[in-house]
Amino acid sequence: MLLAGDPAAPTPGGGRPALVVVGAVVAAALALAVVAWLAASSGGAPPPTSAGPGSALTLPLPPPPPPPATVGAGPEVELRAPEDGLETELPAVAVAAVVSATDLEVVLVNGAPVAVAVRDGVAHVETTVAVPLGSTTIEVEARDRAGRAAVVRRAVLRLAPEDEPLPPLPPGLVPGPAPRTAINERDGTVLVWVPPATFRMGSPFASDDARPRRDVRLTRGYWLGRTEVTWAQFRRFCEATGRTPPAATFSPDGWSRFEAGPDHPVFNVSWADAADYAAWAGLRLPTEAEWEYAAGGGRGARFPWGDRPPVFGEALLNAAPSLDLGLPGADDGAPYTAPVGSFPDGASPFGALDLAGNVDEWVDDWFAPYDARPATDPRGARGARRVYRGGSWATPVRECAVWARASANPEYANAHLGFRVAR
Ligand SMILES: [Ca+2]
């Protein structure tokens, strides 16, 4: 099976028309699965999609990120998947893109250049991308000869329906309060199910740490804590194991005093504190790749809920004021930590909460630079620093991106850094 972006995938000229015809048959079913999946992940609200008989089905696409101020508007890309029927044998999808640009230089589909045909003054691109089981991301990128900013458009395809049967609950887990959730009996953590997937990790809009991007395959589904571990949970662990709990208080300005409530996320914990808790609970810390996929669902969007930043009066996460967007991050109503799960509208595609903001979260991996080669179930190579993810109450909104990486000495502990568990 080919992976998206695999160098063996079709390139300009090489047998493309036949593959397009066959792949197109798959596309409609996939696109419909996308619609269903996006509808489910957005709380039932139908996505802005139209599909009349015989017409192309336009995938719901996030708005492109703004280009850098020094670069003018680039080409525009419209990604379409034709509606032709159902075919399940071939794990490939036809990608048809319409590109509007006066002086087009190159169009890339998942990083590979594709042939462009100009009809009626508009460039049309058709190619196929092999897709693995689970979720995959189709990404079309175009550049013009003036080198102006490429516009990247994405669609996420799922071969498996959202109501795919869950594997049997492993020992220690019991059914949770909602579909596709479970409760870990030892510590009461509510977990959400994240299915196996292939996705593009990192972002072209990220700092150097989150590049180069790579295709990551997660071969096994996993359970992830719906929220961060709380003070109440961590104190029970300390009582059971004879540990001294860390301080739940700090002075943000040297004279006032903040005390986190028992339903706030634990902080002032080292990486070892987090790992010890997880082991005590019969759980583990998520890997960095697991964390990123659970947060973004492979959609390429900046935040767990999508690309749109919160507007005035809207609470999607607990972050710091974000003057770069002209947004009042303090609208979240929490100057420091907030009770876990306080921002249900900021849920990830799998229903996890507070992945962006509240407290940063230790993950299992050591920090290591990304490698452009595809990776399967990656773990950071042993290093000096452990990774933490997601941003916190002290992080500007824009920096609470699903791809944003941070790392610290494993002994580091601070009032912005906690963790969540996985199984
Ligand atoms: Ca968090």
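Which residues have the most contacts inside the largest nonpolar core? The legends below, which describe a predicted model, take up this question in the second view.

**View 1. Overview of the protein chain in the predicted model.** The secondary structure of the protein chain comes to 4 helices and 22 strands, and 46% of its 423 residues count as buried. Among the contacts between residues at least 6 apart in sequence, 71% join residues that are at least 24 apart.

**View 2. The largest nonpolar core and the surroundings of Leu224.** This core has 68 residues, and those with the most contacts inside it are Leu224, Ala274, Leu285, Ala294, Ala352 and Trp362. Leaving aside residues up to four places away in sequence, Leu224 touches Leu191, Val192 and Val194, together with Pro286, Glu290, Ala294, Ala352, Arg420 and Ala422. A second, separate core has 9 residues, including Val99, Val125, Val140 and Ala142.

**View 3. Helix 2, residues 231–241, and its buried side.** The buried residues of helix 2 are Trp231, Gln233, Phe234 and Phe237. Because these residues cover an arc of only 165° around the axis, they lie on the same side of helix 2. The buried residues of helix 2 pack against helix 3, which spans 271–280, whereas the face turned away from the buried side carries the exposed residues Glu239 and Ala240. Just after helix 2, Gly242 takes a positive phi of about 75°.

View 4. In the hairpin of strand 11 and strand 12, which has 5 residues between the strands, Gly188 takes a positive phi near 80°. Strand 11 itself, residues 181–184, has a covered face formed by Ala182 and Asn184 and an uncovered face formed by Thr181 and Ile183.

**View 5. The open sheet of 3 strands in the order 13-14-19.** The pairing in this sheet is mixed, and the edge strands are strand 13 (197–201) and strand 19 (375–376), each of which pairs on one side only. Strand 13 is joined by 5 bridges to strand 14 (residues 214–218), and these two strands run antiparallel. Met201 stands opposite Arg214 of strand 14.

**View 6. The open sheet of 4 strands in the order 21-20-18-22.** The pairing here is mixed. Strand 21 (405–408) and strand 22 (417–419) stand at the edges and have a single partner strand each, so one side of each is left without a neighbour in the sheet. From one strand to the next, the twist averages 50°. Strand 20 (residues 386–389) pairs with strand 21 in the antiparallel sense over 4 bridges; Val387 stands opposite Ser407 of strand 21, and Arg386 has Ala408 of strand 21 as its bridge partner. Strand 21 has a covered face with Arg405 and Ser407, and an uncovered face with Ala406 and Ala408.

Conventions. Residues numbered from 1 in each chain as written. Predicted model: local features only at pLDDT ≥ 70, side-chain atom pairs only at ≥ 80, totals over all residues. Core = buried A, V, L, I, M, F, W, Y, C linked by C-beta atoms within 7 Å. Buried ≥ 20, exposed ≤ 12 C-beta atoms within 10 Å, placed from the backbone. Contact = placed C-beta atoms within 7 Å. Arc of directions from axis to C-beta. Pairing = 2+ DSSP bridges. Axes fitted to C-alpha atoms, helices over the stretch in contact; angles between N-to-C directions.
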